[in-house]
Amino acid sequence: MQNNPLFYKEVVPLDRSQHSDLFLAPRGDYRYAADTNSVFMATVEFARACREYPIVFGKDGQTTFPLAILGLREGENLFVTAAGGWSAAYVPAYVRRYPFILSTQPDSDTLTVCIDSADSSFNNERRGLALFENGVESAFLKNSVDFLKDFQVQYAASIQIATRIEELGILEAMQANVELKTGSRMNIGGFLVVNRQRLFDLSAEQLAGLVRDGILELIYLHLHSMDNFSYLVERLATHPTGSLVATPTAGSA
């Protein structure tokens, strides 16, 4: 499979015959996510995630989507510890679904349950939980597939909401500036945030529609989450590769 999603190295369809003896060892090691500073964040996660992560919006071609910021530097996740743990109360669903994923196969629009066969947690030594039992899906696998299906539904809904927010013309490019102890500065960009003034300038009808559909609440959760950039600065300040002395401020790029 080409253009594998974030984290995934060798995505293959889960096959009842080929993987009949496959087990997934107990995990809790998130080092597979250590090299990314942002992940997709479904809107249904905003209420919990906004307490710990800055939530912004990204754009890929014509698609707008929500993101959780995990680090201030490229290739650095400040929530993955040296031991592989996740140092936050809430772990984003995108991270938790690994090493499973729903994916389309060549010449087909049908979503297929796949796994990252490169994940060392998969084994044939009966370590952990079985994917199949007596030739049928185990309870563990069924729960995992249910999670994937729910994630897919929430993914589509989140894209629709993000697109609607963008179409209102209230998003702007974000620029966050931080200063290192050495005196050098770090600029963080490439994301979109809601401009409060543009939000206030929407018509009563537009605002009523956002309230009715539960989107205004999501917008304010997003805006409140921006304070978490200071939280990321504190995390980076204790990181072995460097520390910060200034709090980033968000604004127009």
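Is R164 buried, partly exposed or exposed? At 30% relative accessibility, R164 counts as partly exposed. In these terms, buried means under 20% relative accessible area, exposed means over 50%, and partly exposed is in between, using a 1.4 Å probe and protein chains only.

Hello everyone, and a word on the ground rules. This is a predicted model, where local features need pLDDT of at least 70 and side-chain atom pairs count only at pLDDT 80 or more, while totals for chains, interfaces and linings use all residues. Residues are numbered from 1 along each chain as its sequence is written, and side-chain values use heavy atoms, with hydrogens and water left out.

Let's stay with R164 for a moment. D213 forms a salt bridge with R164, and their closest N and O atoms are 2.5 Å apart. A salt bridge here is a side-chain nitrogen of Lys or Arg within 4 Å of a carboxyl oxygen of Asp or Glu. Because R164 belongs to helix 3 (residues 139-167) and D213 to the loop between helix 5 (204-212) and helix 6 (215-225), the pair ties together parts that are 49 residues apart in sequence. Helices are DSSP runs of H or I with at least four residues, strands are runs of E with at least two, and both are numbered from the N terminus.

D213 is partly exposed, at 39% relative accessible area. D213 also forms a salt bridge with R212, with 3.5 Å between the closest N and O atoms, and R212 is exposed at 63%. Together, R164, R212 and D213 are linked in a network of salt bridges.

How many salt bridges does a search of the whole structure find? The search gives seven. One of them joins the side chains of E125 and R127, at 3.6 Å from N to O. Here E125 is exposed at 54%, and R127 is partly exposed at 41%.

Now for the strands. Two strands pair if DSSP finds at least two bridges between them.

Strand 6 pairs with strand 7 (residues 111-116) over five bridges, in the antiparallel sense. Within that pairing, I101 has C114 in strand 7 as its bridge partner.

Let's move on to strand 5. Why is strand 5 largely enclosed by the rest of the structure? Strand 5 (residues 63-69) is largely enclosed because six of its seven residues are buried. It runs antiparallel to strand 3 (residues 38-40), joined by three bridges, with V39 partnered by A68. Strand 4 (residues 55-60) pairs with strand 5 over six bridges, also antiparallel, and F57 stands opposite P66. The hairpin of strand 4 and strand 5 has two residues between the strands, and there G61 takes a positive phi near 65°.

Finally, the cysteines. C50 is buried at 14%, and C114 is buried at 0%. The whole structure has zero disulfides, a disulfide being a pair of cysteine sulfur atoms within 2.5 Å.
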